[in-house]
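I opened a new page for this one and wrote things down as I looked them up. Here are my notes, entry by entry.

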Amino acid sequence: KAGNVRLLLPSTFASVRYTFLEALTYLKSAQSASGWKKRQMKKCAHKTIQQLQGWAKNGNVNVVHYLYILDAELAVLNGKNKKAKESFNAAITTSSRNGFLHDRALAHELASAHFRAQGDD
């Protein structure tokens, strides 16, 4: 653990982006882990997701597409393929509508990797 890196970040965007990537990293790590390590990574992801949810609740609409991406990855982790597909689609739509094209591309890549692993190209 690096401590609370958010305190050192110069802008709100950097802090939000870091928080999103932190949660995504925890979820991707949990997907390849098992047992105690998987539970620990999932717990850390939930804590970080709660921070993003708080920002969204306080009116930061620029985190909504992040929450959809993380919701999709959480569904993948829990083996809920239908939920994952719905959340990936929502992430792609929301990020595109709000002008976050790089995040739309990320959502496409993550969805593609998941469905390829499921044998659903």
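This is a predicted model: local features need pLDDT of at least 70, side-chain atom pairs count only at pLDDT 80 or more; totals for chains, interfaces and linings use all residues.

**Entry 1: the whole chain**

I started with how much of the chain is tucked away: buried residues make up 37% of the 121 residues in the protein chain.

Next I looked up the elements. I found five helices and zero strands, and from the N terminus on they run α-α-α-α-α. Then I checked the radius of gyration, which is 14 Å, close to the 14 Å that the globule rule gives for 121 residues, so the chain is as compact as a globular protein of that length.

I also looked up the box around the C-alpha atoms, and along the principal axes it is roughly 45 × 40 × 20 Å. For the surface, I noted that the protein chain exposes about 7300 Å², with carbon and sulfur atoms supplying 53% of that area.

How much of the contacts with a separation of 6 or more comes from residues 24 or more positions apart? I got 56% for the protein chain.

**Entry 2: helix α1**

I wanted to see if the length of α1 makes sense. The helix covers residues 12–31, which is 20 residues, and at 1.5 Å a residue it should span 28 Å. Its end C-alpha atoms are 29 Å apart, so that agrees.

Then I listed what is buried in α1: S15, V16, R17, T19, F20, E22, A23, L24, Y26, L27 and A30. What do these buried residues pack against? I wrote down α2 (35–57), α3 (64–77) and α5 (101–117).

**Entry 3: helix α2**

I ran the length check again on α2. This helix has 23 residues and reaches 33 Å from its first C-alpha to its last, close to the 33 Å expected at 1.5 Å a residue.

The buried residues here are M41, C44, A45, T48, I49 and L52, and I found that the buried residues of α2 pack against α1 and α3. I also looked at what comes after the helix: α2 is followed by G59, whose phi is positive, near 105°.

**Entry 4: aromatic pairs**

I read up on what to jot down for ring pairs. A pair of aromatic rings is described by the distance of the centres and the angle of the planes.

How many aromatic pairs does a search of the whole structure find? The search gives two. One of them is F20 with Y66, which is stacked, at 4.2 Å centre to centre with 10° between the planes. This pair links distant parts of the chain, since F20 sits in helix α1 and Y66 in helix α3, 46 residues apart. I checked burial too: F20 has 0% relative accessibility, so it counts as buried, and Y66 is buried with a relative accessible area of 1%.

Then I turned to F88 and F115. Their ring centres are 6.4 Å apart and their planes are at 70°, so this pair is edge-to-face. The pair also links distant parts of the chain, with F88 in helix α4 (residues 81–97) and F115 in helix α5, 27 residues apart. Buried or exposed? F88 is at 1% relative accessibility, so it counts as buried. F115 is at 17%, and because buried means under 20%, F115 counts as buried.

**Entry 5: E73**

I picked out E73, which lies in helix α3. Is this residue buried or exposed? E73 is buried, with a relative accessible area of 1%.

I then looked up its contacts, leaving aside neighbours within four places in sequence, and got L24, L27, K28, Q31, F88 and L110.

**Entry 6: I92**

My last stop was I92, in helix α4. Its relative accessibility is 15%, so I92 counts as buried.

Which residues does I92 touch, not counting residues up to four places away in sequence? I noted R104, A107 and H108. I finished with a distance: I92 and N81 are 11 residues apart in sequence and 16 Å apart in space, C-alpha to C-alpha.

Technical notes: Residues are numbered from 1 along each chain as its sequence is written. Side-chain values use heavy atoms; hydrogens and water are left out. Helices (H or I, at least four residues) and strands (E, at least two) are DSSP runs, numbered from the N terminus. The expected span of a helix is 1.5 Å times one less than its number of residues. Buried means under 20% relative accessible area, exposed over 50%, partly exposed in between (1.4 Å probe, protein chains only). Contact means heavy atoms within 4.5 Å. Rings of Phe, Tyr and Trp (its six-membered ring) pair if their centres lie within 6.5 Å; planes under 30 degrees apart count as stacked, over 60 as edge-to-face and the rest as tilted. The radius of gyration is taken over C-alpha atoms; the globule rule is 2.2 Å times the number of residues to the power 0.38. Accessible areas come from the Shrake-Rupley method with a 1.4 Å probe; for residues, only the protein chains shown count as cover.
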